[in-house]
Amino acid sequence: MGFTVFFGAPDITERKGFGKVARIPCIFDSRPGYHRLGSQYLIDRGLGVWHPHSKVSSYPSGRPNETTLKNYAFWLVNFLEWTDVRGIDIDTCKYHDHVHGRYQSEMLTGTWSRDNRRLSGRTINLRVQQACDFLTWMSDKGFRAPFEIPLFNIKVKGATANNSKGHILRDVAIRAGKVRQDKRHLQMPTDKQVKDWLNSIYASAGQTIGLMCETVLCTGLRREEVSCFRIDTLPLDPDDWHVNRLDAPISEQAVRIKIKFGTKGPSYGVDHEDKIGPARSIWIPKTIADRMHIYRAKRRLQALRILLRQGQTASEQRALRDASVHLFLNESTGSRITGKNLYRAWTSVPLPFKGWSPHLGRDWWACSVLWEEIKRHDHFRQTNPNVLASVLSSAAVDIIRLRIQPQLGHSHESTTHIYLTWISDMLGVGLTTTQTLYDPNMTDD
């Protein structure tokens with residue numbers, strides 16, 4: 001038996017008085033037995049007690065969400081099992097000789113992989129970084145000698161969707177020996193394929209799930225952000241809605257709302273099991289807002305009545321009603337629909353495209369916006385090709401920075417390359433940007 005990640009029962013753990021660590025996984029080793037160091041590391045990371053970036057840069061430290069912490073656990077387990085199988089002592093191992101020299105090399109050659117195939121650069125870097133973080137934590141806590149990681153600094157332009165000081169350069173420390181990752185290239189299904197898929201979702205999963213999936217496609221929100229919508233995320237009274245372009249057709253209008261539950265980034269606490277993340281304002285189509293409002297007044301109340309049947313007394317029913325703060329409820333049980341529920345429903349019907357997921361649904365929204373906006377520049381097709389490329393490059397970057405990045409909540413401009421490459425492929429024009437967009441900590445989400 002190898003190393004495993006163990007998830008306890010949060011309700012039982014909370015009743016025992018350990019609510020702070022109720023949702024933090026632990027690690028069991030090959031004996032099997034409780035792996036004290038690995039589990040304590042996850043606790044320190046989960047509680048925000050220790051964070052590697054807080055020591056070497058200006059990155060904000062904070063508590064990772066449950067999904068991120070689960071990933072940390074599985075990446076760490078892979079390293080710990082490797083050290084166990086190879087007979088490597090975590091108290092004395094070194095970066096060059098062991099972590100980079102053997103662990104990373106074996107994943108590159110496929111020696112340390114399930115099917116003896118080379119792992120992707122992204123997977124290798126994530127696992128190696130977690131190993132380095134764990135060994136650095138051990139050193140900081142006095143469990144081993146100092147663990148030296150060779151680093152070099154690069155300067156990255158600070159322009160982001162949430163930072164107006166785009167001219168400021170900041171130093172970023174990069175681990176020497178990182179594997180070069182393949183660039184991510186987008187390929188999107190056709191509008192008809194997406195429409196057929198969405199119709200299948202409505203038919204098989206119901207109106208509520210269908211509306212949630214459509215919200216992802218029409219707003220670019222993450223599945224967790226949609227599942228964390230509260231009853232009043234969209235103001236209860238339509239007269240209080242902030243609507244743009246009041247003189248335009250409804251199909252072209254949008255409503256501004258603010259979200260903070262389930263958003264990516266530092267955690268500022270938990271409310272009704274939802275992470276409180278960085279707040280941001282987004283736009284949702286007026287047509288979607290109207291349908292949410294109708295859902296809230298009718299179908300949601302029907303689902304809530306089912307939930308209230310669990311209460312035996314009026315006070316119990318009131319408690320259930322007051323605790324039901326989420327907008328989207330399961331039509332059969334009245335319980336909230338989680339991000340995991342949404343993902344399972346999203347992938348429960350034939351997909352329009354290999355790998356189609358809520359995350360690609362975000363990209364589909366971004367590409368749709370970029371495509372519609374860039375088509376406004378079609379008259380430039382009659383100009384010199386070099387001029388065309390320059391004009392469209394400038395237009396595309398502006399659209400991405402001013403509209404797409406703030407909506408998606410992307411904290412780095414590295415994503416600009418992804419969408420520029422996609423629109424370049426669509427137009428058959430080489431679009432480029434002179435911005436320094438490299439960010440070693442960018443994730444696909």
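## Basis and overall make-up

Because the model is predicted, local features need pLDDT of at least 70 and side-chain atom pairs count only at pLDDT 80 or more, while totals for chains, interfaces and linings use all residues. Residues are numbered from 1 along each chain as its sequence is written, and side-chain values use heavy atoms, with hydrogens and water left out.

The chain contains 16 helices and 8 strands, where helices (H or I, at least four residues) and strands (E, at least two) are DSSP runs numbered from the N terminus. Of its 445 residues, 44% are buried; here buried means under 20% relative accessible area, exposed means over 50%, and partly exposed lies in between (1.4 Å probe, protein chains only). Among contacts between residues at least 6 apart in sequence, 64% join residues at least 24 apart, a contact being heavy atoms within 4.5 Å.

## Helix α7 and its surroundings

Helix α7 runs over residues 191-205, and its 15 residues reach 21 Å from the first C-alpha to the last, close to the 21 Å expected at 1.5 Å a residue; the expected span is 1.5 Å times one less than the number of residues. Its buried residues are V194, W197, L198, I201 and Y202. Seen down the axis of α7, these buried residues fall within an arc of 140°, so they line one face of the helix, the arc being that of the directions from the helix axis to the C-beta atoms.

The face of α7 turned away from the buried side carries the exposed residues K192, K195 and A203. The cover over the buried residues of α7 includes α8 (207-219), α10 (286-297), α13 (339-346) and α14 (358-374). After α7 comes G206, which has a positive phi, near 100°.

Leaving aside neighbours within four places in sequence, W356 is in contact with P189, V194, W197, L217, W346, T347, L351, G361 and W364.

With neighbours within four places in sequence left aside, W197 is in contact with C213, L217, W346, V349, P350, L351, P352 and W356.

## Salt bridges

Side chains of opposite charge can pair when their charged atoms come close. The structure holds 18 salt bridges, each defined as a side-chain nitrogen of Lys or Arg within 4 Å of a carboxyl oxygen of Asp or Glu. In one of them, the side chains of R45 and D133 meet at 3.8 Å, N to O. This pair links distant parts of the chain, with R45 in helix α2 (residues 36-46) and D133 in helix α6 (residues 121-140), 88 residues apart, and both R45 and D133 are buried.

D274 forms a salt bridge with R230, the closest N and O atoms being 3.0 Å apart. This pair also links distant parts of the chain, since D274 lies in strand β8 (residues 274-285) and R230 in the loop between α9 (223-227) and β5 (242-243), 44 residues apart. D274 and R230 are both buried, and they belong to a network of salt bridges that links R230, D271, D274 and R336. In the salt bridge between D322 and R321, the closest N and O atoms are 3.2 Å apart; D322 is partly exposed, with a relative accessible area of 49%, and R321 is likewise partly exposed, at 41%.

## Two further sites

H98 lies in helix α5 (residues 95-109), and its side chain reaches the backbone nitrogen of K94 at 2.9 Å. Not counting residues up to four places away in sequence, H98 touches W82, I88, C93 and Y103.

D232 lies in the loop between α9 and β5 and, at 52% relative accessibility, counts as exposed. D232 and H326 are 94 residues apart in sequence and 8.8 Å apart in space, C-alpha to C-alpha.

Methods: A polar contact is a pair of N or O atoms within 3.5 Å; within protein, one must be able to donate a hydrogen and the other to accept it, and residues adjacent in sequence count only if both atoms are side-chain atoms.
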